[in-house]
Structure formats: structure tokens, C-alpha cells
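Reader: I am new to this structure. Could you walk me through the terms used for it?

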Amino acid sequence: MAKDNLLSYEAALEQFEVVIGLEVHVELNTKTKMFCGCANEFGSEPNTNVCPVCLGLPGSLPAVNKKAVESSMAIGLALGCKIAPTGRFARKNYFYPDLSKNFQTSQYDEPIAYDGEITIELDSGESFVVQIERAHMEEDAGKLTHVGGATGRIQGAEYSLVDYNRAGVPLVEIVTRPVFGAGDKAPELAAAYVRAIRDIVKSMDVSDAKMERGNVRCDANVSLRKKGAEKLGTRTETKNVNSLRSIENAVRYEIQRQAYILSQGGTITQETRHWHEDRGYTSAGRPKSDADDYRYFPEPDLVPVQPDIAWIESIRSALPENPAARRKRLQSAWGFSELEFRDVVNSDLLDQVEATVAAGASPQAARKWWTGELARVANASEIEISALQITPEQVAAIQKLIDAGDLTDRMAREVVAGVLAGEGEPAAVIEKRGLKVVTDEGALIAAIDEALAKQPDVLEKIREGKVQAAGAVIGAVMQAMKGQADAARVRELILERANS
Amino acid sequence: MSEITPDTVRHLASLARILVTDAEVEKLAGELAVIVDSVAKVNQAVSKDVVATSHPIPMANVFREDVVRPSLSQSQALSAAPDSAEGRFRVAAILDEE
Ligand SMILES: [Zn+2]
């Protein structure tokens, strides 16, 4: 349970300036690990993606994955970093069974990318520039399962089980410089920053970027200093904050916890802390090791990475548009309301809507298809909308037929169902299912006259000016036409015939 | 003579996960001081224009293509493990990360 006393958030901000620093680990989606040819794969049977290199067996030698280096450089460039002419790997020595080598191969004083910055816009429209100190390459560690403790945690555990499938998976660690001046927005900024990193690496397709799978993980440093003070306060590093909501909550909690201690004249212990999302508090972990304790030294088994300008520029030129800039551009091009646009973004449908618009549909029609009918179908069949067997081009083609009056909305949904069922292109589905709007007005008029004759009371009401009574006749006519008529035209014709 | 305190020795021993007795701490403090001084002498011999070497052969950019190669089987991977369970290496629970 949380035992910490907390100062109210408002009081904390009145007395202290908040300084945050964020370390984000991005797991790359290369086919293989950083230093060996084992598959980089989530969910395999334990210890089946391992070899002498990633198990750290004697005599094995690492070999650097070129694609991982390129992805790392691309991430650096996307964050406005410079790429180091020489980057070197280093051993970070520590004893813990999550890596069997007793060191993690990382980078120390010669990271591949450094000195970048990224502008983060909050929901309020306020924006902050976050300076990136460095982005370096390293390897992920294995996964420990603690057995015997009541809660599956280390306390009370009898032993631990280790799966090294994740050991050696390429990581890029992105470290910010201390961020000042965010004030009460610091927690929101921390989360928005991590979201921006996630969006960027996702748009670049260098990571699967699924936070729930740990593809993007964040350690949040928080320190406070008395307003007006020069010297930075002692910081804590909160680990285990792996959802955007957790990041915001954990930073806010640390602000309040530290503020209480400092306001009582106490001191902050430099340590790692662990966020417990279920109960909403942080608890003390181990005292933070000094960098010296890791006894970093250059990895003697690997040679430096020295990218030339041509290589760097070819990677830079292949970078996709920044996701935040793209969202701005699309929202203004499409003229969506804030709410409509957020709906598209949150449903992860930007690509689909953009491609549908490119194929000729209006932005509003494209949006309605993807966030409406198609989202409904995907939801009903419990699959990702991106897995639906329909292309943006097909959706646009169907919309064109609606616009031309060749399909009613109802018929269009049937065409979509046919395409999803694998009946072929929209034209083929229309042909096969005999879907065609009845434009033969003679047939419509005949059906209307017949329906009116059967319902003389309705006819009487319409003649008295109660036009809403026409609804009953529309239904009958649409039924006679097997739904393949334009309901608006049917209504017009009913009123004409009734009053003729 | 560099000053290596008993506390420094204990700290180093704990980083290296080595159990040392008080008597050993005293002895190692003296020995480590000599070693540190000897390394310092090497530093004096190196002029500023000599770049630190981390690899004996001056080469760079040695890469492997991102192509999957066969891994060990689970039983091969675990064959040298002192203990295993449920397809995993079984180790003593160490209080550290949580
Ligand atoms: Zn391996």
C-alpha cells in the first residue's frame, strides 16, 4: 500500500519548479537480434530464439545487425539529432540474471545520435521544445518470472525463471535533457512526449510501437527545486511506466510525494522507483547506481560504426513525414472538426481515410465509411479494421456509385459486405447480387399507384397535407422494389401522384 | 600512493558479487592501491595526441545482414543450465529490479 504523504498538486507547484527527464526505450522490429541471427519475435516458446551469442556462452562473438544500425540512425535523424561520425559499443557491467553475459552491450560516451530536439504540442495547443541529449543503441534483456511469491513479484519469491528470447533484441534508448518550465503541465508533457516518440517510430516502421507489449517503455526522472533556486534537486527515476496514462500519473505522484518531503525539510533519496498502476503509487527500488559502478568500457569484440555522409543522407531522405505535421496538414486539408479528426486518429484510421480520399472519395464520405460501417463490421467480427479485406480504392469506388445515384446507402453496404466476403471487386458484387437502383420511373409509379390504392386512408391524409403519412407508402414501395430504389425520389413521386 | 579505503573495497566486492572478510578487505585495500598507481604510471606515458584504442585492428563498419539464422533448440539451450523449469533457466530470486 502507498504509505507516502503527498502534498496537494497545487501547493507543490506553488512552492517548487518541476524538472523532468525522460528515457524512452524503443524495441526495433528487425527480423533478427542486435548481435546474432536469432529471430526477434514476440510470443515464441521460451528459450527457442537463443544461440551462443545471446546466451553469452564462452567463445561466441557478436556481429552487428546492419538494419538495426540504420533504424537507429533513422530514429536519431527523425528527432533532429546529429549522427556521430564514430559510434562505439561499450559493455555496461552488472550482475543480474536478465542478461547471462553479466554485461549489457550498449553505447556509452560515443552514442550513434546526439543533440536533437522535438516540439511537443499538448491538447491545449500549448507547445514545448524537448531537447534530446542522445539516442544510443543497446540490447534488450531477458524476461524474468518470479515464482513462489504471492503476487508473482520478487518479494517472497522462491526462485526466478529466465527466458532469454528477448535478450539481445535491438533497442534504441532516447534520453532527453532536463525539461524545465512545464509547470503543472509536466505530467501531461511527459505523456505527450512518449506518445510523439511512439507515433514517430511507428510511422517509420522501425518498431511495432505497441506499448502494451513493451515495444516502447519509459523511465521518468522527476526532481523539484525551490522556486528561484539555481541548483537542480535530487531526482528519482520511476521505472515500469508503460502506458501513456501511467506516465502522466507517475510523474504527478512523484511531484506530490517529493514536494511533501521537501516541504517538511526532508531530503530526496536518489533511487529508482516503481510505479504500481493498479494502486496508483510509486515504491522505492534499489539506490540508483552511479555510472562508475557499471564500469563501462569499449566492447573489444566489436569495431566502431562510422557512417559516411552518403549513408546518412540516404536514410534521411527516406524518412516519412513527421506524424504531428502530417496530422495538422490532413486535418486542415479535410476540414474535419476537432472531434471528427480525433475520432479518425484515435481509431488509427488516418492511412485508410487518406488513401480513400486519394482514390477519389470526399473526405467526409471516406471518414464515414471507415469510422462507421467498416469499424462496425470489424468490431462485430472482432478483428482489427486494418485486417478487413477491402481496400481504400474499393471503398472509394463504391462511394462514387452512391454519388452517381447508382447505389443507395443500403445497397452500398451490401456491396461492401460482398467485397468483404470475397465476392470480388464492387462491380462484380453488384453484377452477381443484381444490385441496381431502379431508375425506371414507370415501374416506380406503377408500384406507388398500387400502394396508394391499397391504403386509401393514407392517400386521404396526404391530400389533407399530412405529408409525413407518406412514410407508410414509401416502405411498401421500397419493398416492392426490393430496396433498390432511391427513397428520396420515391417520396417525391408519392406526393406528386397523391396530389394529381 | 592512491587511497583505497576499506569502504571502496567493500563496494567493489559487492559490485563483483564477491564475499570478502574484514581481513581480506584490509589486504586488498593495500594491493589495489598499488595497482591503481601502476595504471596511473601508464597514463603518464601516453601523450594527449594518442587516441585510446578499443580494438587492435583499425577497422569499422563490420555488419551482418538482417537475416534469421537457426537458433538452438530449447533443450540445447538449457542443456548446460545448472537448473531449469518450464523451459526456462531457474535461478535464485535476487532482490534488485523490483
Ligand atoms: Zn542469439
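Author: Gladly. What covers the buried residues of α12(A) includes α10 (392–403) and α11 (409–420) of chain A. This is a predicted model, where local features need pLDDT of at least 70, side-chain atom pairs count only at pLDDT 80 or more, and totals for chains, interfaces and linings use all residues. Residues are numbered from 1 along each chain as its sequence is written, chains are lettered from A and ligands numbered from 1 in the order in which they are written, and side-chain values use heavy atoms, with hydrogens and water left out.

Reader: Which residues of α12 in chain A are called buried?

Author: In this helix, residues 426–433, they are A:Pro426, A:Val429 and A:Ile430. Buried means under 20% relative accessible area, exposed over 50%, and partly exposed in between (1.4 Å probe, protein chains only).

Reader: What puts them on the same side of α12(A)?

Author: They cover an arc of only 100 degrees around the axis, so they share one side of α12(A). The arc is that of the directions from the helix axis to the C-beta atoms. On the other side, A:Ala427, A:Glu431 and A:Lys432 are exposed.

Reader: What are the protein donors of the zinc ion?

Author: They are A:Cys36 (SG), A:Cys38 (SG), A:Cys51 (SG) and A:Cys54 (SG), lying 2.3 to 2.4 Å from the zinc ion. Donors are N, O and S atoms within 2.8 Å of the metal (3.2 Å for Na, K and Ca); water is not among the atoms, so sites may look incomplete.

Reader: What makes the arrangement tetrahedral?

Author: Four donors count as tetrahedral if all angles lie between 85 and 135 degrees. Here the 4 donor atoms subtend angles of 97 to 115 degrees, so the arrangement is tetrahedral.

Notes. Helices (H or I, at least four residues) and strands (E, at least two) are DSSP runs, numbered from the N terminus. Contact means heavy atoms within 4.5 Å. Four donors count as tetrahedral if all angles lie between 85 and 135 degrees; four count as square planar and six as octahedral if opposite donors are over 155 degrees apart and all others between 65 and 115; anything else is irregular.
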